[in-house]
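Here's a walk through one protein model, taken a piece at a time. Keep the structure open next to you and follow along.

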Amino acid sequence: MGDGVRERVREVGREIARQKHVLVTGACVGLPHDAALAAYEMGGEVIGYSPGVSVEDHVKRYRFPDKGYTRLLFLQQDWPPPEDDKARLKCRNIPSVRAVDAGIIVCGRIGTLNELTLLYDFGKHVGILDGSGGITEGNLIEVLIRAANKKSASRIVRDPDPAVLVRK
């Protein structure tokens with residue numbers, strides 16, 4: 001993760017709230033929660049998609065925060081079965097990505113890559129916070145998109161400035 005990324009992520013959250021957009025996350029810890037808290041503190045609408053079946057399950061089993069959201073949405077108990085934590089963590093990506101108009105990729109590892117491919121496949125626009133590390137480094141994303149050789153209505157934009165990125 002690059003220098004100052006946590007504060008830049010908080011600025012992404014604030015800018016989303018300023019522009020009256022809705023911030024959607026996987027309701028997890030780390031950078032997504034930093035963005036959620038910043039948007040929430042600005043009075044923005046923040047929706048978290050939990051792998052859990054309830055607030056109690058979300059907090060106790062997954063050890064995810066329940067503060068900083070205007071709404072938490074949960075997966076159905078039997079989809080996938082509740083004992084399959086890894087599948088539930090990934091399955092929340094489909095409805096959360098489907099619900100957005102665009103996504104912003106910051107840093108990221110394999111889960112973020114999964115969200116990126118869903119965004120692209122669904123034709124959603126993708127903003128990349130340059131200089132944030134992880135899968136955003138270099139032109140890795142563009143190389144993967146070209147190698148996948150699939151047409152999409154998705155437009156990929158990059159910027160190191162959170163406010164400019166959200167506006168793009």
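## Before we start

A quick word on naming: helices (H or I, at least four residues) and strands (E, at least two) are DSSP runs, numbered from the N terminus. By that scheme, Arg-63 sits in the loop between helix 3 (55–60) and strand 3. Keep in mind that this is a predicted model.

## The 1-2-3 sheet

Let's begin with an open sheet of three strands, ordered 1-2-3 and paired in parallel. Strand 1 and strand 3 are its edge strands, each pairing on one side only. Going from one strand to the next, the twist averages 20 degrees.

Strand 1 and strand 2 run parallel and are joined by four bridges. If you want a landmark there, look for Thr-25, whose bridge partner in strand 2 is Gly-48.

## Helices 1 and 2

Helix 2 lies across strand 1 and strand 2, and runs at about 155 degrees to strand 1. Helix 2 also packs with helix 1 (residues 5–18): the angle is about 40 degrees and the axes are 7 Å apart. That angle makes helix 1 oblique to helix 2. As for handedness, the crossing of helix 1 and helix 2 is right-handed.

Who makes the contact? From helix 1 it's Val-5, Arg-6, Val-9, Arg-10, Gly-13, Arg-14 and Ala-17. From helix 2 it's Leu-31, Asp-34, Ala-35, Leu-37, Ala-38, Ala-39 and Glu-41.

## The 4-5-6 sheet

There's another open sheet of three strands, with the order 4-5-6 and parallel pairing. Strand 4 (102–105) and strand 6 (156–159) stand at the edges with a single partner strand each, so one side of each has no neighbour in the sheet. Neighbouring strands are turned by 20 degrees against each other on average, direction ignored.

Strand 4 pairs with strand 5 (residues 125–129) in the parallel sense, over four bridges. One of the pairs to look for is Ile-104 with its bridge partner Gly-127 in strand 5. Helix 6 packs on this sheet and touches strand 4 and strand 5, its direction making about 150 degrees with that of strand 4.

In a regular strand, side chains alternate between the two faces of the sheet. Which residues of strand 4 are on the covered face, and which on the uncovered one? Gly-103 and Ile-105 are on the covered face, while Ala-102 and Ile-104 are on the uncovered one. Ile-105 stands opposite Ile-128 in strand 5. From strand 4 the chain crosses through helix 6 to strand 5, and this β-α-β crossover is right-handed.

## Thr-112 in helix 6

Zoom in on helix 6 (residues 110–121) and you'll find Thr-112. Is Thr-112 buried or exposed? Its relative accessibility is 17%, and because buried means under 20%, Thr-112 counts as buried. Leaving out residues up to four places away in sequence, Thr-112 touches Ile-105, Cys-107 and Ile-135.

Most residues other than glycine have a negative phi, and most peptide bonds are trans. Ala-27 isn't glycine, but its phi is positive, near 55 degrees. You'll find Ala-27 in the loop between strand 1 (22–25) and helix 2 (31–41), and at 0% relative accessibility it counts as buried. Arg-63 also has a positive phi, of about 60 degrees, although it is not a glycine. With a relative accessible area of 67%, Arg-63 is exposed.

The peptide bond from Trp-79 to Pro-80 is cis, with omega near -25 degrees. Pro-80 belongs to the loop between strand 3 (71–74) and helix 4 (85–91).

One last stop: Ser-54, in the loop between strand 2 and helix 3. At a relative accessible area of 27%, Ser-54 is partly exposed. Ser-54 and Phe-74 are 20 residues apart along the chain, and their C-alpha atoms are separated by 6.4 Å.

Definitions and conventions:
Residues numbered from 1 in each chain as written. Predicted model: local features only at pLDDT ≥ 70, side-chain atom pairs only at ≥ 80, totals over all residues. Heavy atoms only, no water. Buried < 20%, exposed > 50% of the residue type's maximum accessible area, 1.4 Å probe, protein only. Contact = heavy atoms within 4.5 Å. Axes fitted to C-alpha atoms, helices over the stretch in contact; angles between N-to-C directions. Parallel < 35°, antiparallel > 145°, perpendicular 65-115°, else oblique. Left-handed = near helix turned anticlockwise from the far one by under 90°. Pairing = 2+ DSSP bridges. Right-handed = clockwise from strand over helix to strand, strands pointing away.
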